[in-house]
Amino acid sequence: MNQWLNKMERKFGRYAIPDLTRYVVGLYCLGAVIGMLNQMGVISVNIYYNWLCLDMDAVFHGQVWRLFTYLLEPYGFYSGMGFLVSVLFLVIQVSLFFTFGRSLEQAWGTFRYNLYFFSGYVLNIIAALVLYLCPMHISLYNSGFQYIYWTMFLAFATIQPDMQLLLYFVIPIKVKWLAILDAIYLSYQTLSSLVTGIKYLRIDNAVAHQYGWMYISNAAAIVIAMANFLIFFFATRNYRRISPREQRRKRKFRKSMKQATETRGVRHRCAVCGRTQEEFPNLEFRYCSKCQGNYEYCSDHLFTHEHVKNFMQ
């Protein structure tokens, strides 16, 4: 898979968009503006679900723009003081998205980073099409792109696992532990959406059924986002070091090094008595600076031996 990505990069790398993060985050902020206008009552109708969301029935009836505008999912704003808190967390999320996105682009390269987002975009459309063509005929795909953003944090944790963030601006915690919590939360969201969707489907009401399918499509969106992350995670691993061929090479190298050590002989030997460090591990050995040549002596003969002189002197 890694070799295939390298070939793709050599062939299509020139089309990759540099600093894609700013465009993706721009779409996220535009969706937040739509959600803000709805919350403040500036717009009385829900623009996103009426004209922008990924409704495959509407797409097949000519509203092709929904294949692109579904990325503008509104950010969740609340009334009263909750509105200010929502704005604060939106600013924090946007700053973190810039940090994570640009770090991933620097680590993966522009092409692979582009491919990560565009594959998530295409996989969501494929999932919506499968749900639409299935016997249940689920038309509305309730996802947007939010879960691709969340799994971007998981991808960041694979390259910077020991980086510390301040949880609640106070508690220092490593990114890898936050990523585990994020994965647990996404798993919980998947199960919760499925259970809630099934409960709505058991109600004999058309509106309840519509909500049920929306929850099920929400679970499908989380699965797609996680699958997109896992594909890139395993595709970028270096499996050569655990391949059978590499393991054989390592065993052969260790065996040859062991044989070389055994045939090299002892490290220290006294030139007078012949005692070695292997035979007497507590014995100290030193070279004599007054002897002509590399003569080594044990502590018993270092000062009592006869110095070796060069016959030419």
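Leaving aside neighbours within four places in sequence, Thr-151 is in contact (heavy atoms within 4.5 Å) with Tyr-116, Leu-186, Ala-225, Met-226 and Phe-229. The model is a predicted one, in which local features need pLDDT of at least 70 and side-chain atom pairs count only at pLDDT 80 or more, while totals for chains, interfaces and linings use all residues. Residues are numbered from 1 along each chain as its sequence is written, and side-chain values use heavy atoms, with hydrogens and water left out.

Thr-151 sits in helix α8, residues 146-159; helices here are DSSP runs (H or I, at least four residues), numbered from the N terminus. With a relative accessible area of 0%, Thr-151 is buried, where buried means under 20%, exposed over 50% and partly exposed in between (1.4 Å probe, protein chains only). Its side chain also makes a polar contact with the side chain of Tyr-116, at 3.0 Å. Such a contact is a pair of N or O atoms within 3.5 Å; within protein, one must be able to donate a hydrogen and the other to accept it, and residues adjacent in sequence count only if both atoms are side-chain atoms.

Because 10 of its 14 residues are buried, α8 is largely enclosed by the rest of the structure. Among the buried ones are Tyr-147, Ile-148, Met-152 and Phe-156.

Tyr-116, for its part, touches Trp-108, Ile-148, Thr-151, Met-152, Asn-228, Phe-229 and Phe-232, not counting residues up to four places away in sequence. In the largest nonpolar core, which has 59 residues, Tyr-116, Phe-117, Tyr-141 and Met-152 touch the most other members. Helix α10 (residues 206-235) supplies the largest share of this core, 10 residues. A second, separate core of 8 residues includes Cys-270, Leu-283, Phe-285 and Cys-288. A core of this kind is a set of buried Ala, Val, Leu, Ile, Met, Phe, Trp, Tyr and Cys residues joined through side-chain atoms within 4.5 Å.

Then there is helix α9, residues 175-201, which holds Trp-177. At 46% relative accessibility, Trp-177 counts as partly exposed. Together with Ile-180, Leu-181 and Ile-184, Trp-177 makes a nonpolar surface patch of about 420 Å² (nonpolar side chains joined within 5 Å, from residues with over 30% relative accessible area and no salt bridge). Asp-182 is also found in α9, but Asp-182 is buried, with a relative accessible area of 13%. Not counting residues up to four places away in sequence, Asp-182 touches Trp-150, Phe-153 and Leu-154.

Definitions and conventions
Patches are made of residues with over 30% relative accessible area and no salt bridge: like charges are joined within 9 Å, nonpolar side chains (Val, Leu, Ile, Met, Phe, Trp, Tyr) within 5 Å. Accessible areas come from the Shrake-Rupley method with a 1.4 Å probe; for residues, only the protein chains shown count as cover. A salt bridge is a side-chain nitrogen of Lys or Arg within 4 Å of a carboxyl oxygen of Asp or Glu. Helices (H or I, at least four residues) and strands (E, at least two) are DSSP runs, numbered from the N terminus.
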